[in-house]
Amino acid sequence: MASVDFIDVRKSFGSHAVIKGVNVDIRDGEFVILVGPSGCGKSTLLRMLAGLEHISGGEIRIGERVVNDLPPKDRDIAMVFQNYALYPHMSVADNMAFSLTLKNAGKAEIEAKVKPAAEILGLSHLLDRFPRQLSGGQRQRVAMGRAIVRDPQVFLFDEPLSNLDAKLRVSMRTEIKNLHQRLTTTTVYVTHDQIEAMTMADKIVVMQDGRIEQVGAPLDLYDRPANLFVAGFIGSPA
Ligand code: ADP
Ligand code: MG
């Protein structure tokens, strides 16, 4: 586990500023949700933390390390995407073990990591199946399993439930929260869905147009929204 700090983080694409000075402190083990309308910069912020996008200004720290110039593989993070990105020709077990295989892990080490992860996620009986033989929820669990076996300091989720139907989305919220309670790994989770944010987060970061409007626990935002945008977005009565 590790803390994550964004310090006056900025990002421009050409002359287009999309992240305009963001400050957030995320504590060890915290489940933090970045929420805001489509295009406000959530994915860009997450991708900078992951090292998939260069930072134009400011500083990002994971634990005590400034990671601005570290390649993704050295950041000790694992990311779960909306579209799962599973390898269709590989079994569930091989999909989950892929990052370990890349690191030349031995068979015993791979088993020692994949088995417990599969158990946590209820995938033990599906390890020999292929992605096309799985439901949407099962695929999403494999994508999470792939992240878990890497034993990262920080989990990143970018709209992981957007492709699931409404009912499954609700049950996967609970699963992801249970997973977090069990592993207590620091988690940064992006969504445009207010309900997801209000029901899952320890702390919510509300964004609009590349800036942070408010940071707080769900009830704080509901009871004391900082402005009309937050009130409207969260749906609080202010
Ligand atoms: P969100 O995830 O909140 O929907 P994004 O972070 O994807 O928002 O995008 C924020 C803004 O940055 C948008 O205006 C988007 O068009 C722009 N943007 C994102 N990625 C790129 C890119 N690679 N090149 C140019 N503009 C980009
Ligand atoms: Mg996005």
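A: Two strands pair if DSSP finds at least two bridges between them. Strands (E, at least two residues) and helices (H or I, at least four) are DSSP runs, numbered from the N terminus. This is a predicted model: local features need pLDDT of at least 70, side-chain atom pairs count only at pLDDT 80 or more, and totals for chains, interfaces and linings use all residues. Residues are numbered from 1 along each chain as its sequence is written, while chains are lettered from A and ligands numbered from 1 in the order in which they are written.

Q: Which order do the 4 strands of the open sheet have?
A: Strands of a sheet pair through backbone hydrogen bonds, either parallel or antiparallel. Here the order is E2-E1-E4-E5, with antiparallel pairing. E2 (16-26) and E5 (65-66) stand at the edges. Each has a single partner strand, so one side of each lacks a neighbour in the sheet.

Q: How many bridges join E1 to E2?
A: E1 (residues 4-13) has 8 bridges to E2, and the two run antiparallel. Lys11 stands opposite Ile19 in E2.

Q: Which residues are around ligand 1?
A: A residue counts if its C-beta atom, placed from the backbone, lies within 6 Å. They include Phe13, Val18, Gly36, Lys42, Ser43 and Thr44. Helix H1 (residues 42-50) gives the most to this shell, with 3 residues.

Q: Where do H2 and H4 meet?
A: Contact means C-beta atoms, placed from the backbone, within 7 Å. H2 brings Val92, Asn95, Met96, Phe98 and Ser99. H4 brings Val142, Gly145 and Arg146.

Terms used:
Contact = placed C-beta atoms within 7 Å.
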